[in-house]
Amino acid sequence: MLDILLIILFCILGVITGIATGILPGLHVNNVALILLSLSGSIVASLGFLFNYGITEQFILVLICVYITAVSISHTFHDTIPSTFLGAPEEDTALSVLPAHSLLLEGKGYEAVALSAIGSYGAVIFCFLVIYLVRFIVGSPMFLYSVVREIMFWILIAISLLLIATEKGRIELFKIDHGKLPYVFGILFAAMIFIISGVFGIVIFNCQVDSPIGLSSPVLFPALAGLFGLPTLLTSIMTKPKIPLQIIEKINFDNKAKKSSIISVITGSLAGILVSLIPGISSSTGTILAMTARGESDRKQTIITLSAVNTACGFFVIVALFVILRARSGATIAVGELIALEEWKDIMMPTNLIYLLIALILGGVLSYFFVLKIGKIFAKHFANVPYALLIKITIAFVIILVYLFTGVIGLLVLLVATFIGLLPVQWGVRRSHCMGILLIPITLYFL
Amino acid sequence: MQLKYLSIIFSVAGIALLYFLSTLSQPVSIDLKDIQNYEGKQVIVEGIVTESYTTTLGSQIITIENNNFSTTVFLQGETDIEYGDKIQATGEVQIYNGEWEVVVNNKRFVSILQKWQNITIPLKQLAETPNIYNGLNVNVTGYADAIYDTYFYFTDIDKKHPIVVICNPLKYNFTTNQELSIAGKFVFDSDNFRYILEVGDEPNQGIFVVGE
């Protein structure tokens with residue numbers, strides 16, 4: 001009985017931590033997971049008194065994993081708040097920024113947060129319902145993962161081409177502002193950003209970063225913060241948007257919207273599951289896949305879809321850890337380091353996976369209610385907040401974090417990534433082309 | 001100049017600068033005994049392959065040995081190395097289940113410095129340090145001694161270290177006292193409590209007369 005109570009307690013603590021890490025702009029859940037991993041020894045030592053109650057050291061490590069899992073799922077719910085109110089997205093939420101931020105500028109910031117919460121919550125339910133189905137398709141007896149691995153190179157090429165070819169931005173060059181040419185320029189420019197990001201990725205993976213506080217983080221942290229975080233913040237400062245008073249009202253879906261939202265959740269979740277299995281593609285790429293698959297680009301549905309992708313990915317990376325024994329995120333790397341990973345081969349799930357599933361589901365349900373509550377508080381008071389000052393503080397915070405985790409080289413990576421990240425914002429094409437940073441090096445890996 | 005053009009210039013210049021910096025911070029070459037001092041760092045290690053297997057998910061776990069120290073190389077992918085090959089691996093030092101290992105992301109970062117067939121060792125060296133070579137492919141030089149139907153004795157010039165070579169001598173054209181180079185697997189024969197050399201039909205195994 002004590003063990004279940006402890007699981008619930010650590011799950012609640014994880015959700016609360018996830019609120020903090022989700023609201024703080026620029027702090028990615030992977031960094032949080034790696035910090036917790038480095039602190040795990042001290043955490044076990046400080047919980048030593050539990051040994052007297054028959055709790056083993058192994059179980060304390062399971063509790064830390066439950067905590068990390070709850071943090072990561074709670075983070076995917078709450079990171080919508082800074083992306084809506086500050087326009088400070090991480091890579092995972094970068095695509096929803098324009099829709100969410102534009103709703104904020106119409107006074108519908110709370111609606112954006114609520115739509116995102118619906119998408120994330122729906123994804124948790126959908127993922128739980130299909131967990132066995134995915135398990136049998138990806139693992140034994142169908143072993144789809146092994147098949148996919150064989151053709152991964154072509155899958156990644158196809159995803160890259162889809163990403164670029166679906167660009168709809170217009171770029172007027174050489175004084176041509178009519179016909180199809182501006183669209184062609186848009187696609188060419190998208191391809192250029194994709195390639196620049198890819199070369200950038202290849203180069204930085206050979207750079208060694210050193211944390212001045214001994215908590216070295218992957219070089220991807222400053223790169224993603226630069227590509228997807230700072231450009232929006234800088235643009236916010238430059239454009240000085242006026243934030244209107246926010247309207248807080250319950251979302252009422254009509255039948256059509258309800259149906260559309262269910263499709264968004266399902267396609268988003270399926271894309272999120274795909275993202276959790278295929279290396280190198282992120283939630284934003286998953287969203288493009290999902291939006292292309294369903295052929296709708298309404299901004300409210302984009303928010304729901306993206307949140308579903310984001311949360312489904314956070315959910316299934318944990319499951320994938322036990323099915324394909326691959327860590328696809330910082331949280332799963334931490335979990336893989338802390339507890340024994342027993343491959344899920346039979347009908348019965350490994351015990352450790354059951355504990356983590358409790359964290360995912362309970363964490364998801366709690367986060368849904370918390371994010372609505374916090375979104376309401378933000379919406380109520382946001383018009384009184386000095387917006388420009390808040391953005392400047394956020395930028396300073398991101399820079400300090402980058403320095404603490406990756407040192408001077410990390411700052412340089414952040415600077416270059418910011419210039420690359422400014423390209424799509426300045427030229428008016430999709431920011432997801434910057435995902436070339438992962439897609440190109442990983443495609444080359446499978447060559 | 002507009003920011004949108006400046007961003008292109010700074011992006012390309014920044015990548016060039018980072019490329020230059022990355023060439024300055026290349027991984028360091030380390031001895032296996034010092035591996036614990038490099039946690040989280042990119043390193044280059046070298047050693048003889050003493051064990052290798054592929055997991056069900058396609059990763060290769062390679063054990064290498066150098067100067068009586070060994071470590072595990074975890075390769076995300078698969079490469080066609082053989083026991084006894086001298087290899088070099090570049091990857092990040094990590095600790096896994098309390099053991100140090102070098103995690104290599106791509107098979108491009110594992111290179112074979114010398115195939116085991118090209119590392120020739122005298123029989124005397126094999127006799128004095130058998131534990132180092134146990135289970136490995138070796139290429140040994142020595143002299144043919146008594147020849148039987150399914151095996152023959154192989155010894156050094158002073159006939160001090162005879163070893164049984166399991167093979168089909170009729171398949172090869174050599175006679176007693178001829179100097180030979182044998183490419184085969186050095187294994188412990190627990191039934192007879194002795195080390196033997198096995199020469200099978202595998203492509204890289206064989207018996208060659210020196211000088212022919």
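This is a predicted model: local features need pLDDT of at least 70, side-chain atom pairs count only at pLDDT 80 or more; totals for chains, interfaces and linings use all residues.
Local features need pLDDT of at least 70, side-chain atom pairs count only at pLDDT 80 or more, and totals for chains, interfaces and linings use all residues. Residues are numbered from 1 along each chain as its sequence is written, chains are lettered from A and ligands numbered from 1 in the order in which they are written, and side-chain values use heavy atoms, with hydrogens and water left out.

**Cavities**

- The count comes to two cavities of 30 Å³ or more.
- A cavity is a set of points, on a 1 Å grid over the protein atoms alone, where a 1.4 Å probe fits but cannot get out.
- The second largest cavity holds about 40 Å³ of space; a volume is the space filled by probe spheres set on the points, which are joined across faces, edges and corners.
- Its lining consists of A:Val134, A:Arg135, A:Val138, A:Leu277, A:Phe316, A:Val319, A:Ala320 and A:Val323; lining residues have an atom within 4 Å of a point.
- Helix 6 (109-138) and helix 13 (299-323) of chain A each supply at least two of the lining residues.
- Helix 13 of chain A gives the most, with four residues.
- Helices (H or I, at least four residues) and strands (E, at least two) are DSSP runs, numbered from the N terminus.
- By class, this lining has seven nonpolar, no polar and one charged residues.
- Nonpolar covers Ala, Val, Leu, Ile, Met, Phe, Trp, Tyr, Cys and Pro; charged covers Asp, Glu, Lys and Arg; the others, Gly among them, are polar.

**Covered helices in chain A**

- Helix 14 (residues 330-338) of chain A has seven of its nine residues buried, where buried means under 20% relative accessible area, exposed over 50% and partly exposed in between (1.4 Å probe, protein chains only).
- Among the buried residues of helix 14 are A:Gly330, A:Thr332, A:Val335 and A:Leu338.
- Helix 17 (residues 436-445) of chain A is also mostly covered, with eight of its ten residues buried.
- The buried residues of helix 17 include A:Gly436, A:Ile437, A:Pro441 and A:Thr443.

**Chain B**

- Chain B has three helices and 14 strands.
- Of its 212 residues, 40% are buried.

**B:Arg194**

- B:Arg194 lies in strand 13 (residues 194-198) of chain B.
- B:Arg194 counts as partly exposed because its relative accessibility is 30%.
- Leaving out residues up to four places away in sequence, B:Arg194 touches B:Val164, B:Val187, B:Phe188 and B:Asp189; contact means heavy atoms within 4.5 Å.
- B:Val164 is 30 residues from B:Arg194 in sequence and 9.0 Å from it in space, C-alpha to C-alpha.

Key: On a 1 Å grid over the protein atoms alone, a cavity is a set of points where a 1.4 Å probe fits but cannot get out, and a pocket is an open set with protein on both sides within 12 Å along at least five of seven lines; lining residues have an atom within 4 Å of a point.
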